[in-house]
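Please have the sequence and the model at hand while reading.

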Amino acid sequence: MRKHFFLFVVLAAAVLSLAACREDSANLRKLDGKWLCDVNATMQMNKGTFDYQFEEQFTEAVMGSFYMEFDTKTGKMTVGMAGRSESGDFTVVSDKDEIVVLKANNREWSVELKDDDTIVIPSGKSSMVLKRSK
């Protein structure tokens, strides 16, 4: 349970620290908007990575509340979880094929564009799946 919670806290903290300027591209424009964690897809994608023997209620409370919001016109993003949120600027390091790499504080974070409504953010041994908010 701690490993799972730690994964998402680290991911949220890392994404929240994004700072600098922005770059315009077709893939970056696809990120525009609000993205919500898809708990079932995230659990399925990470099956076998961690010991997921804990209450579904805990899973929903932690992962179900995670979101990211990108405003590609201003280069701002917001990350929120469990009723808290923080905003910051982001820099695009690269944009190749369906992967946009963002950078902040000398760390890079990949965002894989699966389709118009799904992104995947890898973090170490696991990944988080987010769906576009409608």
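The model is a predicted one, and its local features are reported at a pLDDT of at least 70.

**The nonpolar core**

The largest nonpolar core holds 24 residues, and the members that touch the most others are Leu31, Phe66, Met68, Phe70 and Leu130. Strand β3 gives the most to this core, namely three residues. For Leu31, the contacts beyond four places in sequence are Phe70, Val100, Val111, Leu113 and Ile119.

Phe70 belongs to strand β2 (residues 67-71), whereas Phe90 lies in the loop between β4 and β5, so the pair ties together parts that are 20 residues apart in sequence.

**Salt bridges**

How many salt bridges does a search of the whole structure find? The search finds five.

| Salt bridge | Distance, N to O |
|---|---|
| Glu98 and Lys30 | 3.7 Å |
| Lys76 and Asp89 | 2.6 Å |
| Arg132 and Asp117 | 3.5 Å |

Glu98 and Lys30 meet through their side chains. Glu98 is placed in the loop between β5 and β6 and Lys30 in helix α2 (residues 26-31), so this pair ties together parts that are 68 residues apart in sequence. With a relative accessibility of 36%, Glu98 is partly exposed; Lys30, at 31%, is partly exposed.

Lys76 forms a salt bridge with Asp89. Lys76 lies in strand β3 and Asp89 in strand β4, and the pair therefore ties together parts that are 13 residues apart in sequence. Lys76 has a relative accessible area of 40% and is partly exposed, while Asp89, at 24%, counts as partly exposed.

The side chains of Arg132 and Asp117 meet in a further salt bridge. This pair links distant parts of the chain, with Arg132 in strand β9 (residues 126-132) and Asp117 in the loop between β7 (107-115) and β8 (118-123), 15 residues apart. Arg132 is partly exposed at a relative accessible area of 22%, and Asp117 counts as partly exposed at 27%. Salt bridges with shared partners join Asp117, Arg132 and Lys134 into one network.

**Two positive phi angles**

Ala82 is not a glycine, yet its phi is positive, at about 55 degrees. Ala82 is found in the loop between β3 (76-81) and β4 (84-89). Is Ala82 buried or exposed? Its relative accessibility is 54%, so Ala82 counts as exposed.

Asp97, which is not a glycine either, has a positive phi of about 55 degrees. The place of Asp97 is the loop between β5 (91-96) and β6 (99-104). Because its relative accessibility is 63%, Asp97 counts as exposed.

How values were computed: Residues numbered from 1 in each chain as written. Predicted model: local features only at pLDDT ≥ 70, side-chain atom pairs only at ≥ 80, totals over all residues. Heavy atoms only, no water. Helix = DSSP H or I, 4+ residues; strand = E, 2+ residues; numbered from the N terminus. Buried < 20%, exposed > 50% of the residue type's maximum accessible area, 1.4 Å probe, protein only. Core = buried A, V, L, I, M, F, W, Y, C linked by side-chain atoms within 4.5 Å. Contact = heavy atoms within 4.5 Å. Salt bridge = Lys/Arg side-chain N within 4 Å of Asp/Glu carboxyl O.
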